Amino acid sequence: MTVRDLRRGARAWARRQLYSFFSSLGTLLSHRLGTLMTVLVLGIAMLLPLGLYVTLQNLRGLDLQQEDWGTISVFLRPEAGREEALALAAQVVETRSAQVATVSPEEGMADFAEVSGFGQAMSLFDENPLPWVLLVTPQVAEGGDLEAEVTALSDWLGGQESVDLVQADFKWLQRLARLLALGDAFVTVLTGLFSLAVVVVVANTIRLDVANRSHEIEVLHLVGASNGFIRQPFLYLGFWYGLLGALLALALLAACMMYLAGPLARLLEAYGNRFEASGPGGTGVAIVLVCGGLLGLLGAWLAVQRYLRQFRLADQGRDP
Amino acid sequence: MISFEHVSKRYPGGVAAVQDVSFQLAPGEMVFLTGHSGAGKSTLLRLILMLERPSRGLVLVDGRNLGKTPSRLAPQVRRRIGMIFQDHKLLGDKSVFDNVALPLLIAGMRYTDIRKRVRAALDKVGLLGKEKSWPPTLSGGEQQRVGIARAIVGMPPILLADEPTGNLDPDLSRDLFRLFRQLNQQGVTVLIASHDLALIRGMGQRVLVLSHGRLVDDIPGQDVGRART
């Protein structure tokens, strides 16, 4: 085979692809209602895992704003003064390589007065009832075990002479992390199930289309079309279905987010939290579109392959 | 060009459609295949088109042993054969032009070349003005000629026809056979299955006679006028 033959073959291949491409578009447009219904089903099927995923991503964003959840509050004994507080702080920094912020009773009082609104009531006390407080944030490497570190540090701090009480908000963090992990698993399961649904819906739609065009396929066979040539327009068709379904899912997601953003922001505002919903992002959109198209392609391939196998039976019947 | 050597075709269930058939077609020959319906004419054509495989014996087309050719190469074999069907096998939802262009689209030919070739083929069958029509709006004879245009548009070296005059009146049938003769004179090997004996006799070409799947007679062209068929 010469280079010229190869080039001619490539051009012929490209022309056949072009023909299949336009032929599949023609099919989509000539069955507008059917196309619309199929795409609607696909879009909704893709929206469910996608929506849950985006919700979880937003929750995780909230979590990040509260990164001091791993922080341990260490209340010193009332009789302990500035020197003990600073000494302990220095010790923690040196031996446990954690971040420490010291809060004097005066600072604590000011904070409390501001946050609680009991400023007036506080002035009734003769002396400041608050102890010195250390805010200890353990340093955990990426992927390290925060739980173990917080527990170890809490135990060690609790054993110190000047310490009255150690309080870790760790349980909350832990619960949230576990809920998010459960959500992740849920997204994985849903994505698997609904991907299967997308493949099945596309396969079934293409199967009907193939059956409707069995005469055309027979004629193509008779005039020398290869299975590849017959398969191609249906593969494109499956790809379009998947891609359009993914586009619709993204559009529905955007609509849902716009609709929910207002009430959600008001709710979180009541908790003193500023919140801005984030979508799947550019990469996410691209992944959804590509996966949608590929799932459609897979469905179409399964449907056509099954049909072409039936055709090949006509070749059988040879004596052993 | 086409050679059968002791070919049998048995369908699952034991029905023997073709039994121990041997004959040869030289390149550029024109041959009629006749016999009562069910004699095995269609099966014989289907064997040449690789729509069936022989149960026994050798089918050689263009030097290729079809029994040993894998299914995935069947399209290559079919592209070198123009086939004309009794029921035309046209696509009703595509224009005459698109129907005739089909083999060229499959070959991946350039659109400008396709246009030229299709118009030439339609011209040859006398349907140049009908390229934008839809096959269901045409008469039976015109539809058959669209089928012929599609068969010859790729300029295959072999032309097969299965009862091409089945639904046509005698005048149209004669015109059609004359068209086949013309194509044959341009060098195409032609094999026509037909039971229209009166017409076949008038053509003066070699005739193969099938009966119950067996080849019972092979009459040379010069004897056809006075044969006992």
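Me: What makes the span of helix α3 (residues 82-96) of chain A close to the expected one?
Reply: The expected span of a helix is 1.5 Å times one less than its number of residues. Helix α3 of chain A has 15 residues and reaches 21 Å from its first C-alpha to its last, close to the 21 Å expected. Helices here are DSSP runs of H or I with at least four residues, strands are runs of E with at least two, and both are numbered from the N terminus. The model is predicted: local features need pLDDT of at least 70 and side-chain atom pairs pLDDT 80 or more, while totals for chains, interfaces and linings use all residues. Residues are numbered from 1 along each chain as its sequence is written, and chains are lettered from A and ligands numbered from 1 in the order in which they are written.

Me: Which residues of α3(A) are called buried, and why are they said to be on the same side?
Reply: A residue is buried if 20 or more other C-beta atoms lie within 10 Å of its own, exposed if 12 or fewer, and partly exposed in between, with C-beta atoms placed from the backbone. A:Ala85, A:Leu88 and A:Val92 are buried. They cover an arc of only 70° around the axis, so they lie on the same side of α3(A). The arc is taken from the directions from the helix axis to the C-beta atoms.

Me: Which residues are exposed on the face turned away from the buried side of α3(A)?
Reply: A:Arg82, A:Glu83, A:Ala87, A:Ala90, A:Gln91 and A:Glu94 are exposed there. The buried residues of α3(A) pack against β1 (72-76), β2 (99-103) and β3 (133-137) of chain A.

Me: Why are β2 (16-25) and β5 (64-65) of chain B placed at the edges of their sheet?
Reply: The open sheet has 4 strands in the order β2-β1-β4-β5 of chain B, with antiparallel pairing. Two strands pair if DSSP finds at least two bridges between them. β2 and β5 of chain B each have a single partner strand, so one side of each is left without a neighbour in the sheet.

Me: How do you know that β4 (residues 56-61) of chain B and β5(B) pair?
Reply: They are joined over 2 bridges in the antiparallel sense, which meets the requirement of at least two. B:Val61 has B:Arg64, in β5(B), as its bridge partner.

Me: How many residues of chains A and B are in contact?
Reply: Contact means that C-beta atoms, placed from the backbone, lie within 7 Å. By that test, 22 residues of chain B are in contact with 19 residues of chain A. α3(B) gives the most to the side of chain B that touches chain A, with 5 residues.

How values were computed: Two residues are in contact if their C-beta atoms, placed from the backbone, lie within 7 Å.
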